[in-house]
Amino acid sequence: MRRLPLFFLAAAIALLVHARTIGFDFVHADDADLIVGNRTFLSDLHNLPRAFSRSYFEVEGELTATKTYYRPIAIVSFILDAARGGISPRPYHATNVALHAAATCLLLALAISWGASPGAAFAAALVFAVHPVNV
């Protein structure tokens with residue numbers, strides 16, 4: 001119970017550092033194809049089961065040979081985000097920020113469970129939370 005504040009602080013720092021990205025527009029690298037190009041597929045909640053049988057890079061209406069990247073949870077997340085906000089980038093970015101804060105807490109818990117001191121585990125989690133390689 002004494003460690004609980006560390007988890008709240010780690011999550012809060014991750015949220016504060018990345019919260020401004022919620023207002024950003026889609027990135028043209030992946031977002032243009034995976035979200036904007038798939039808006040018809042993503043906007044139908046009945047497609048949730050299909051998320052488990054399609055490639056991550058599959059775009060509705062386009063032929064593709066890329067069937068090797070299996071990320072159904074990410075596709076489900078996109079479908080749920082589309083249900084919340086349509087084509088607005090805000091729900092997608094908010095989900096990513098929340099998932100990053102949760103992953104920061106999981107790293108903190110993992111480091112502690114591996115025997116790191118709470119201080120060292122917290123430091124490692126903070127590096128993960130704020131380091132630009134994760135953005």
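Biologist: In which hand does H1 pass H6 in their crossing?

Modeller: This is a predicted model, in which local features need pLDDT of at least 70 and side-chain atom pairs count only at pLDDT 80 or more, while totals for chains, interfaces and linings use all residues. Residues are numbered from 1 along each chain as its sequence is written, and side-chain values use heavy atoms, with hydrogens and water left out. A crossing is left-handed if the near helix is turned anticlockwise from the far one by less than a right angle, and right-handed if clockwise. By that rule, the crossing in which H1 passes H6 is right-handed.

Biologist: At roughly what angle do the axes of helix H1 and helix H6 cross?

Modeller: Helices here are DSSP runs (H or I, at least four residues), numbered from the N terminus, and axes are lines fitted to C-alpha atoms over the stretch in contact, with angles running from 0 to 180 degrees between N-to-C directions. Among the residues of H1 that meet H6 are Leu-9, Ile-13 and Val-17, and their partners in H6 include Phe-122 and Leu-126, where contact means heavy atoms within 4.5 Å. The axes of H1 (residues 4-18) and H6 (residues 118-130) come within 9 Å and cross at roughly 15 degrees.

Biologist: Which side chains meet in a salt bridge, and is Asp-81 buried or exposed?

Modeller: A search of the whole structure finds 1 salt bridge, a term that requires a side-chain nitrogen of Lys or Arg within 4 Å of a carboxyl oxygen of Asp or Glu. Both partners lie in helix H4 (residues 72-85), 3 residues apart, about one turn of the helix. Arg-84 counts as exposed (over 50%) at 56% relative accessibility. The side chains that meet, at 3.4 Å from N to O, are those of Asp-81 and Arg-84, and at 4% relative accessibility Asp-81 counts as buried.

Note on methods. Helix = DSSP H or I, 4+ residues; strand = E, 2+ residues; numbered from the N terminus. Buried < 20%, exposed > 50% of the residue type's maximum accessible area, 1.4 Å probe, protein only.
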